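Have a look at the model first.

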Amino acid sequence: MATTKKPIRSKKAAVAKTNSIKLKFDTGWTYAPAPESKSAASINKQYDLFINGEWQKPESRKYFDTINPATEEKLSEVAEANAADVNKAVAAARTAYDKVWKKMPATERAKYIFRIARIIQEKARELAIIESLDGGKPIRESRDFDVPTAANHFFYYAGWADKLEYAFPNRKAQPLGVAGQIIPWNFPLLMAAWKIAPALATGNTVVLKPAETTPLTALKLAEIIQEADLPPGVVNILTGAGATGAALVNHPDINKIAFTGSTDVGKIIQRAVSGTNKRVTLELGGKAANIIFEDAPLDQAVEGVINGIFFNQGHVCCAGSRLYVQESVAKEVIRKLKDRMSSLLVGDPLDKNTDIGAINSKQQLDTILKYISIGKKEGAEMYESNCRLPNKGFFCRPTLFTNVAQSNRIAQEEIFGPVLSILTFRTDDEVIEKANNTPYGLSAGVWTDKGSKIFNLTKRLRAGVIWANTFNKFDPGSPFGGYKESGYGREGGLHGLLPYIELTS
Ligand code: NAP
Ligand code: MG
């Protein structure tokens, strides 16, 4: 890949020798590659299932490959759990719940969760490298966001473990039992932390299934859990595909299902648990509106839009994939966006300069390309940056569409890639109606100088999270979750405890 070459300072040489990163601003130089070293990460050739505190061979006897989407090289092979493995893991979680975890004083439980947080911090560099290798996200994201935020979630919920009586005054918080947790591929370690930390803090035990394409950091977390001496069976980690998730959802001895993923699978899960007494939370897809008013600080807003849809390859459920810009400033904003897009660096996820890494899988790249061609067929006008893409791996140029109609599929459906649909508006009422006009309601962003406008919009936008003059900001103390087809239940903050407890007086 071009980014492994030596730094080149002259503009001519840059174009002739690397052709990798053409900056439209004609700076005369390109970035020197700054790759993070793979050698700081240790990845086994093969991983078994983590059941009852041990690595156990799968009953299925099957293993599947996980690859690096930036190079298409195999990283490791991981076990495929079948229904018999799910039985073993749920039985281990049940025994651990009955015999150990629910009886343990909360202050002791908290110490284990703190210990996990501390070990994540100690291994932060290795976890970030593995996250970028296995999933394709830029190391800057995994290093500066995913891994520290995962550690912060464990710290935060460790703090609540022995304070539940203050969280819910005059009520008694009882754990539910065994939680089955299923997570997607876009934030593998962070989603595992979002799920496991509140479950443990409230006294539940866990069986977690990571996504098929990104199992490695969850398996590293299993090693961390072993190192933290968590009692066997309190957390079990089963790798596998959709069928493994379905076996978990349908297992009769599960008390709660926590799912993050697509709305389609969320609906299947909703149907599967109806008529049972399993509790469920669903964190599903999104089609966030980022709204720029004419009085907004435009450069800041443009940077927020770029961050909201292009960083992390648009693999973010709350990605600002629809931009509504007030008509009077639309031309200027679109010009600024195009300029900024031309300086985005697409390439090696391990390079610290990279803005946009690899698309997570061939399947996801095909989905994104399908939507780009739908957008063109629908009559929208496409613009993509002219950066060169690496020869191997799954990559996509940052792309935007103008002349988009509200009814176009690229304005309604989740693309989950670096593709922005731009629409315009004139009045507050109009933009609120348009922004709310999708089946989703996960997040939104508002850019304006006026506090009153922010309050008007945050009251009337049907979205679980609304950022004002910023975008994609997360904190373990603040709840996250959706409206409508974006799911229900909240993760994070005090609200994130509720899905894991029964409150009695
Ligand atoms: P997905 O296909 O729904 O998969 C999510 C998880 O469910 C994976 O572990 C998957 O296994 C598993 N699964 C697949 N079929 C299943 C079934 N029938 N029963 C039980 N589990 C099953 O979603 P994805 O493509 O991995 O992730 C992208 C989606 O997640 C996007 O729609 C995004 O918006 C959403 N997301 C939402 C949030 C949020 O907080 N609201 C956060 C992140 C992502 P395999 O990996 O083997 O298919
Ligand atoms: Mg992978």
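Which residues in H4 meet which residues in H5? On the H4 side they're Ala124, Leu127, Ala128, Ile129, Glu131 and Ser132, and on the H5 side Ile139, Ser142, Arg143, Asp146 and Val147, with contact meaning heavy atoms within 4.5 Å.

A word on the source: this is a predicted model, where local features need pLDDT of at least 70, side-chain atom pairs count only at pLDDT 80 or more, and totals for chains, interfaces and linings use all residues. Residues are numbered from 1 along each chain as its sequence is written, chains are lettered from A and ligands numbered from 1 in the order written, and side-chain values use heavy atoms, leaving out hydrogens and water.

**H4 with H5**
- Helix H4 (residues 124-135) packs on H5 at about 125°, and their axes are 8 Å apart.
- H4 and H5 are therefore oblique to each other (angles under 35 degrees are roughly parallel, over 145 roughly antiparallel, 65 to 115 roughly perpendicular, and the rest oblique).
- Sorted by class, the contact of H4 with H5 has 6 nonpolar, 2 polar and 3 charged residues (Ala, Val, Leu, Ile, Met, Phe, Trp, Tyr, Cys and Pro count as nonpolar, Asp, Glu, Lys and Arg as charged, and the others, Gly among them, as polar).

**H3 with H5**
- Helix H3 (residues 106-122) packs against helix H5 (residues 139-161) at about 165°, with axes 8 Å apart.
- That makes H3 roughly antiparallel to H5.
- Residues making this contact include Ile113, Phe114 and Ala117 of H3 and Phe154, Phe155 and Ala158 of H5.
- The contact of H3 with H5 divides into 13 nonpolar, 2 polar and 2 charged residues.

Conventions:
Axes fitted to C-alpha atoms, helices over the stretch in contact; angles between N-to-C directions. Helix = DSSP H or I, 4+ residues; strand = E, 2+ residues; numbered from the N terminus.
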